[in-house]
Amino acid sequence: MNIRIVAVGKLKEKFMQEGIKEYSKRLSRYCNLEIIEVIDEKAPENLSQKEINIIKGKEGQRILSKLPTNTYVISLAIDGKNLSSEDFSRKIDNLALEGKGDLTFIIGGSLGLSAEVLDRSDFKLSFSKMTFPHQLMRLILLEQIYRGFKISKGEPYHK
């Protein structure tokens with residue numbers, strides 16, 4: 001299985017980089033993993049809705065340019081579907097059984113994802129109604145993908 005994560009913004013914190021490196025190493029037993037960063041737009045405070053849409057649109061075009069045509073796109077979105085870790089594991093398994101072995105997860109910037117990216121998505125996934133820093137979501141997503149593979153293989157890790 002090929003798994004790609006397209007994320008807006010550069011990961012700056014060393015502790016986050018180390019965590020992502022660790023889970024990337026763990027996942028190498030289960031899939032080919034690629035993490036792609038796209039440049040984020042400066043987003044000053046007190047933006048109008050029009051300015052927000054322009055910024056999300058620019059970031060969205062960068063995201064869309066990184067998507068292969070045959071990939072199954074899962075966007076992280078606050079209004080997406082909440083899944084348990086077991087359900088998430090089954091979702092990945094079912095996609096593989098359906099011949100969808102190329103998955104792309106999308107993590108937007110601080111303002112979220114553009115309508116164009118959401119329209120291109122095959123599935124919208126929510127981890128919570130809470131807002132998380134988009135850099136932290138990379139680490140959480142990698143951990144949940146790893147947990148999903150462990151559940152699927154019946155290997156100890158998930159409790």
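Colleague: Which ring does the charged end of Lys91 sit over?
Modeller: The ring of Phe123. The distance from the charged end of Lys91 to the ring centre is 4.0 Å. Keep in mind that this is a predicted model.

Colleague: And the charged end of Arg26, which ring does that sit over?
Modeller: That one sits over Tyr23, 4.8 Å from the centre of the ring.

Colleague: Which cluster of ring pairs is there?
Modeller: Tyr23 belongs to it, along with Tyr30, Tyr146 and Phe149. The count of aromatic pairs comes to four.

Colleague: Which residues of H1 are buried?
Modeller: Met16, Gly19, Ile20, Tyr23 and Leu27. They cover an arc of only 95° around the axis, so they lie on the same side of H1.

Colleague: Why would residues three or four places apart point the same way?
Modeller: Because an α-helix has 3.6 residues a turn.

Colleague: What do the buried residues of H1 pack against?
Modeller: Strand E2, residues 32-38, and helix H5, residues 134-153.

Colleague: Which exposed residues are on the face turned away from the buried side of H1?
Modeller: Three lysines: Lys14, Lys21 and Lys25.

Colleague: New topic, Thr104. Where does Thr104 lie?
Modeller: In strand E4, which covers residues 102-107.

Colleague: Buried or exposed, that Thr104?
Modeller: Buried. Its relative accessible area is 0%. Thr104 counts as buried because that value is under the 20% cut-off.

Colleague: Which side chain does the side chain of Thr104 join in a polar contact?
Modeller: That of Thr71, at 2.7 Å.

Colleague: What else is Thr104 in contact with, leaving aside neighbours within four places in sequence?
Modeller: Besides Thr71, the list has Arg4, Val6, Leu67, Pro68, Tyr72, Val73 and Ile74.

Colleague: Last one, Ser89. Which helix is Ser89 found in?
Modeller: Helix H3, residues 85-97.

Colleague: Is Ser89 buried or exposed?
Modeller: Buried, at 3% relative accessibility.

Colleague: What is Ser89 in contact with, neighbours within four places in sequence aside?
Modeller: Gly148, Ile151 and Ser152. These residues fall in helix H5, which spans 134-153.

Note on methods. Residues are numbered from 1 along each chain as its sequence is written. This is a predicted model: local features need pLDDT of at least 70, side-chain atom pairs count only at pLDDT 80 or more; totals for chains, interfaces and linings use all residues. Side-chain values use heavy atoms; hydrogens and water are left out. Helices (H or I, at least four residues) and strands (E, at least two) are DSSP runs, numbered from the N terminus. Buried means under 20% relative accessible area, exposed over 50%, partly exposed in between (1.4 Å probe, protein chains only). A polar contact is a pair of N or O atoms within 3.5 Å; within protein, one must be able to donate a hydrogen and the other to accept it, and residues adjacent in sequence count only if both atoms are side-chain atoms. Contact means heavy atoms within 4.5 Å. Rings of Phe, Tyr and Trp (its six-membered ring) pair if their centres lie within 6.5 Å; planes under 30 degrees apart count as stacked, over 60 as edge-to-face and the rest as tilted. A charge sits over a ring if NZ of Lys or CZ of Arg is within 6 Å of the ring centre and within 35 degrees of the ring normal. The arc is that of the directions from the helix axis to the C-beta atoms.
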